[in-house]
Amino acid sequence: MKRIFTSLFVLFVSLFGLQNSSIAQGNLWDVQFNYDLAAATPVGQGTAGMAAVTFVNDEFWISKWASDTLIRMDKDGNWIESFTIAGLTGTRALTWDGTYLYASNNSPTIYRIDPATKTLAPPHITTTFQQVRMCTYDSTANNNAGGFWVSNFNTDINLFGMDGTFLRSIRATTHLQTGMYGGAIDYETGGATSLWIFSQSPPNNVTIAQIELTLGAPTGISRDAKIDVSANVSGQLAGGMFVSDQIVPGERTLGGVLQGTPNRLFGYTLAEPASLDYNMDGFKAAAGYTQVPMDHAGNMSFSASLSNTGLDPIATPRLVVEISSNGSVVWADSTDGSNLTTGNTVDLSVGGFTPAAMGDYTATGTFKTPGQMASSISGTDVGTFEFSVTDSTFARDDNISVGAPGYAVSSVDWGYATVNYDVAVNDTLSSVWIRIENPIDGDTTWAIVAATTNGAPNFVIAEGIPVIIQAGVNEYLLPISGGVELAPGTYGIGCYEGANTTINLSQSQNYVTQGVNFYYTPTAGWNQSGIQTARFIRPNFGQPRIYVGTNDLYSGEGISMFPNPVQDNLHFQFEFEEMQEVSVQITNSVGQVVRRENFGRLQAQVNTINLSDQTPGVYFVNFNVGGKYYSSRIVLTK
C-alpha cells in the first residue's frame with residue numbers, strides 16, 4: 001500500500017509540475033551536505049584555495065583561487081576532473097543562466113563559457129565596474145532580458161545587462177554588507193526576489209545575509225556559517241555562492257565554498273523562515289581578553305548580538321551568562337532587551353564577574369525568549385567563550401593562527417604594530433610575547449609601549465631590548481630592561497618592524513575586538529588597522545627581567561646552563577666570586593610559571609631541574625641572583 005501511495009504522489013508531482021517547487025522537507029539552515037574538498041580532491045589537482053562555485057548539469061563547478069584551474073565534482077561530492085579553460089584565469093565567481101556559465105576574475109569582464117566544450121564562448125560582457133568579484137546571474141533583470149549583479153568587497157552592488165549596460169546600483173549604505181565575496185539570486189524565499197551575500201566581514205568572516213532587491217535593504221535573515229560548516233577549519237573566509245533546486249529532491253539549496261584549511265563545499269536547505277527563529281552571534285568577553293592577569297581581572301562583562309530572524313516579534317529577548325571552572329558553575333547572571341521585531345538585532349551585555357582564582361574558565365551565553373521557547377533552528381541560541389586568568393599575561397588571541405603570511409606593517413617603512421590593553425592597576429610591564437609566521441633569520445625586533453589618547457596610540461613611552469630573529473623560531477619574548485611602570489589606563493603594546501622587511505605577526509580571526517589594532521610608520525603616523533584580527537601580541541606584567549641571550553650552552557654572569565634544546569633534565573652551574581642566593585623560575589611562552597626552584601647559596605655545583613612532565617615548546621628561564629635578574633630562552637623537545 002505504501003508503495004502505491006508513493007507512486008501516486010510521484011505521478012501527481014509530475015502532472016502538476018511541482019518537482020522544482022519550493023516545497024521544502026527541511027527547515028531554513030538545515031545542512032544538506034558539507035564536503036571536505038581537500039579530502040575529496042586528489043593531491044595536486046587543485047585542493048588549495050578553492051573559491052568560486054556553481055551547480056550545473058548535476059555537477060559542481062569550482063575554481064581554484066588566483067589560478068587557471070577549475071574542478072568538476074558530482075552531486076555527492078566526488079571529484080571528476082581538474083582542467084583549464086584557455087584564456088581564463090583567477091576566477092573569483094561562477095554563475096549559470098541555464099545554457100552558459102559565466103566567470104568573473106576581478107576585472108571589468110564577465111566571461112561566457114560553453115560547459116559542454118569547456119571553452120570560452122564570446123561575446124563576453126564588458127562592464128564599467130573595474131573589479132568584478134561577486135557575480136550572479138538574474139533572469140528577471142532588465143524586464144526579464146537577464147543581467148548580472150556584481151560587487152567587490154565593500155562596494156555598491158551594481159546590476160548590468162547582458163550587453164554590459166549599467167542598469168541599477170544598490171548603495172553600500174543601503175545594503176550594509178562588507179567584505180562581499182559570493183552572491184546568489186533567490187526568486188522565492190520571502191515572496192520576492194532577493195540576493196544572498198556571502199561575506200568576509202569580521203568578526204565571523206563567513207556570514208550569509210539576505211538582501212531584498214526592491215529596496216536593496218537587508219531582510220534581517222542571516223547565518224554565521226561557522227556554526228554549521230567550519231568546525232576544525234582554520235583561516236575561514238567566505239567564498240562563492242549559488243542557489244539550486246537540482247541537488248536534493250523537493251528542496252532548494254543555498255550552497256557555497258568556505259575558503260580555509262581545509263576548504264568546505266556546503267549546502268543549506270533554502271526555505272521560508274519559521275515563526276520563531278533567532279540567532280546569537282559574537283558571544284565573548286566584552287573586552288575581548290582570552291587571557292587576563294589576576295590583578296587586572298575585576299568586574300568582567302560578556303556581550304552578544306541577538307537577532308530575530310523569524311516572523312514573530314520577541315517581546316523580551318534575554319541573554320543568560322554562566323561561567324564555569326573545573327566543571328562547576330561559579331557565576332551566573334542575565335539581562336533583558338525589549339521588543340525585538342523581525343529582522344532586527346539587539347546588543348546585550350552581562351557584567352560583574354570577578355574571578356576568585358587563576359585558572360581556565362568557560363563562559364556560556366544563551367539566548368532565551370519568554371516561556372523559554374526554543375528557536376526552530378538548533379544550535380543558534382548558544383555561544384561559548386574560553387578564557388584564562390593568569391599570573392602575568394594579557395592576550396586577545398585564542399592561540400589559533402590563520403597561518404601565513406601573517407600581519408605586516410609595511411614592506412618599505414619601519415614601523416610599529418600594537419594592540420590596545422587596559423591596565424587596571426599600577427603594574428610593571430616586563431616583556432612582550434609575540435608569535436610570527438615567517439621568521440627571517442637575522443631580522444631584529446623589540447617591544448614598544450605607547451601612550452594613548454581617546455583609545456588611539458600617540459607616542460612611544462618605552463622600548464625594549466633588541467632581539468634577533470632566527471629562522472624556524474616563531475615565538476619570542478621581547479624583554480624591557482628594568483621593566484616599565486604603568487599607571488592605570490589604556491596602552492598600545494606591541495613590537496618594532498624594520499624597514500624593507502616584515503615580521504608577519506600571527507593573527508586569529510576568532511573573537512575579534514574592533515578598534516584595538518593600530519600601526520605606525522614614519523610616513524603615515526599612527527593609524528587604526530583596517531585588518532581586524534586578533535594579533536599574537538601578549539604583554540607580561542610582574543618582576544622585571546634582563547634578557548641575556550640564547551645559545552647551545554648558556555654562559556654568562558657566573559651561570560652556565562645546558563643543554564639547549566633540552567629533552568628532560570636542564571642543568572645549571574653557578575660560579576660567583578661571593579656566595580649568592582640563587583632562584584630559578586621557568587615560564588612557558590604565554591608567561592605561565594611551570595617551575596620554581598630556590599637553590600640557596602650555591603657555588604661551583606651542578607644542579608638539575610627535570611622538565612619531562614612539560615609539553616614540547618619554547619620556555620623562558622629566569623634567574624634571580626642576589627636581586628639581579630637574567631633571562632634566557634630554551635627549547636624543550638621530546
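This note sets out the main points of the structure for a new reader.

1. Basis of the model. The model is predicted; local features require a pLDDT of at least 70, side-chain atom pairs count only at pLDDT 80 or more, and totals for chains, interfaces and linings use all residues. Residues are numbered from 1 along each chain as its sequence is written, and side-chain values use heavy atoms, with hydrogens and water left out.

2. Confidence. The average pLDDT (the predictor's confidence in each residue, from 0 to 100) is 86 for the protein, and 89% of the residues score at least 70. Residues 1-24 stay under 50, and the model gives them 16 contacts (heavy atoms within 4.5 Å) beyond four places in sequence. The pLDDT is also below 50 over residues 544-556, a stretch with 46 contacts in the model beyond near neighbours in sequence.

3. Overall make-up. The protein has four helices and 50 strands, taken as DSSP runs numbered from the N terminus (helices H or I, at least four residues; strands E, at least two). Of the contacts with a separation of 6 or more, 64% join residues 24 or more positions apart.

4. Burial and surface. Of the 638 residues, 53% are buried, that is, under 20% relative accessible area with a 1.4 Å probe and protein chains only. The protein exposes about 26,200 Å², of which carbon and sulfur atoms supply 50%.

5. Nonpolar cores. A nonpolar core is a set of buried Ala, Val, Leu, Ile, Met, Phe, Trp, Tyr and Cys residues joined through side-chain atoms within 4.5 Å. The largest has 58 residues, and those touching the most other members are Phe-302, Ile-323, Phe-387, Ile-434, Val-449 and Leu-505. Strand S36 (residues 475-486) gives the most to this core, with five residues. Another core, of 19 residues, lies apart from it and includes Met-561, Val-584, Tyr-619 and Ile-634.

6. Surroundings of Ile-323. Leaving aside residues up to four places away in sequence, Ile-323 touches residues including Phe-302, Trp-331, Phe-353, Tyr-361 and Phe-387.

7. Cysteines. A search of the whole structure finds zero disulfides, defined as pairs of cysteine sulfur atoms within 2.5 Å. Cys-135 counts as buried because its relative accessibility is 4%, and Cys-495 does so because its value is 1%.

8. Met-73 has Trp-79 of S5 as its bridge partner. Four residues lie between the strands of this hairpin, in which Gly-77 takes a positive phi near 85 degrees.

Definitions and conventions: Buried means under 20% relative accessible area, exposed over 50%, partly exposed in between (1.4 Å probe, protein chains only). Accessible areas come from the Shrake-Rupley method with a 1.4 Å probe; for residues, only the protein chains shown count as cover. Two strands pair if DSSP finds at least two bridges between them.
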